[in-house]
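Subject: Structure handover

Hello,

I am passing this structure on to you.

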Amino acid sequence: MQRWSPDGTLIAYRQIGGPIKLISRDGGASRELTGPGPETLFSIWYEWPPGSADIFYHTILPGGEHAFWRVASAGGVPRLIARFHGIERRTRRSEFATDGQRLFFTVMDDEADVWMMELGQPGAGR
């Protein structure tokens, strides 16, 4: 997956399970924008909002919690935007959208019903 910067000068990309990297459209060496750390197990989706030099990304944390982050394409420390504590309500889809002011994502609840079925005797015609 790769994403062009809004001004068309950079490409953000990553390999499965790896950090987000940036490379100039003219080529050259890439640089790591995000990496493993105590708060980011790995990123699973990222977006570059229109007109922004920041990248927003979604991660799964070591405890299984989902979180959204924002980091400047020039580098620096990622800033936590939102973190879903607990597993009863969280986002389960990796993709999201942003306009730089808002995040658009799904949140799902686990819900189940308990059913019962009476078992008939073999050969009883049930």
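Here is what I found, starting with the overall picture and then going into detail.

**Overall picture**

Keep in mind that this is a predicted model. The mean pLDDT of the protein is 80. Of its residues, 83% reach 70 or more. Strand β3 (residues 21–24) has the highest mean pLDDT, at 90. β9 has the lowest, at 62. Where pLDDT is low, the predicted coordinates should not be read in detail.

The protein has 12 strands and 0 helices. Read along the sequence, the pattern is therefore β-β-β-β-β-β-β-β-β-β-β-β. The protein has 126 residues, and 31% of them count as buried.

**The open sheet**

Strands of a sheet pair through backbone hydrogen bonds, either parallel or antiparallel. Which sense applies in the open sheet of 4 strands? The pairing there is antiparallel, and the strand order is β1-β2-β3-β4. β1 and β4 (27–32) are the edge strands, so each pairs on one side only. From one strand to the next, the twist averages 25°.

β1 and β2 are joined by 3 bridges. Across this pair, Q2 stands opposite Y13 in β2.

**T9, between β1 and β2**

T9 sits in the loop between β1 (2–4) and β2 (10–13). Is T9 buried, exposed or partly exposed? Its relative accessible area is 32%, so T9 counts as partly exposed. The side chains of T9 and D7 are joined by a polar contact of 2.8 Å. Leaving out residues up to four places away in sequence, T9 touches I23, S24 and R25. T9 and R25 are 16 residues apart along the chain. Their C-alpha atoms are separated by 5.4 Å.

β6 and β7 pair in the antiparallel sense over 7 bridges. H58 stands opposite F68 in β7. The two strands form a hairpin with 5 residues between them. In its turn, G64 has a positive phi of about 90°.

β7 and β8 also pair in the antiparallel sense, over 4 bridges. Here L80 in β8 is the bridge partner of W69.

How much of β7 is covered? It is mostly covered, with 5 of its 7 residues buried.

S73 lies in the loop between β7 and β8 (79–83). Its relative accessibility is 9%, so S73 counts as buried. Set aside its neighbours within four places in sequence. S73 is then in contact with L10, L22, R31, L33, W48, A53 and D54.

**Aromatic pairs**

A pair of aromatic rings is described by the distance of the centres and the angle of the planes. How many such pairs does a search of the whole structure find? The search finds 3 aromatic pairs.

One of them is Y57 with W69. Their centres are 6.4 Å apart, with 15° between the planes. That pair is stacked, because planes under 30 degrees apart count as stacked. Y57 lies in strand β6 (residues 54–60) and W69 in strand β7 (residues 66–72), so the pair ties together parts that are 12 residues apart in sequence. Y57 and W69 are both buried.

F68 and F96 make another pair. Their ring centres are 5.2 Å apart and their planes meet at 80°, so this pair is edge-to-face. F68 is in strand β7. F96 is in the loop between β9 (89–90) and β10 (97–98). The pair links distant parts of the chain, 28 residues apart. F68 is buried, and so is F96.

**Where to start looking**

W69 pairs with Y57, and F68 pairs with F96. Then turn to T9, which touches I23, S24 and R25.

Best wishes

Conventions:
Residues numbered from 1 in each chain as written. Heavy atoms only, no water. Phe/Tyr/Trp six-rings, centres within 6.5 Å; stacked < 30°, edge-to-face > 60°. Buried < 20%, exposed > 50% of the residue type's maximum accessible area, 1.4 Å probe, protein only. Contact = heavy atoms within 4.5 Å. Polar contact = N/O pair within 3.5 Å; in protein donor to acceptor, adjacent residues only side chain to side chain. Axes fitted to C-alpha atoms, helices over the stretch in contact; angles between N-to-C directions. pLDDT = per-residue confidence, 0-100.
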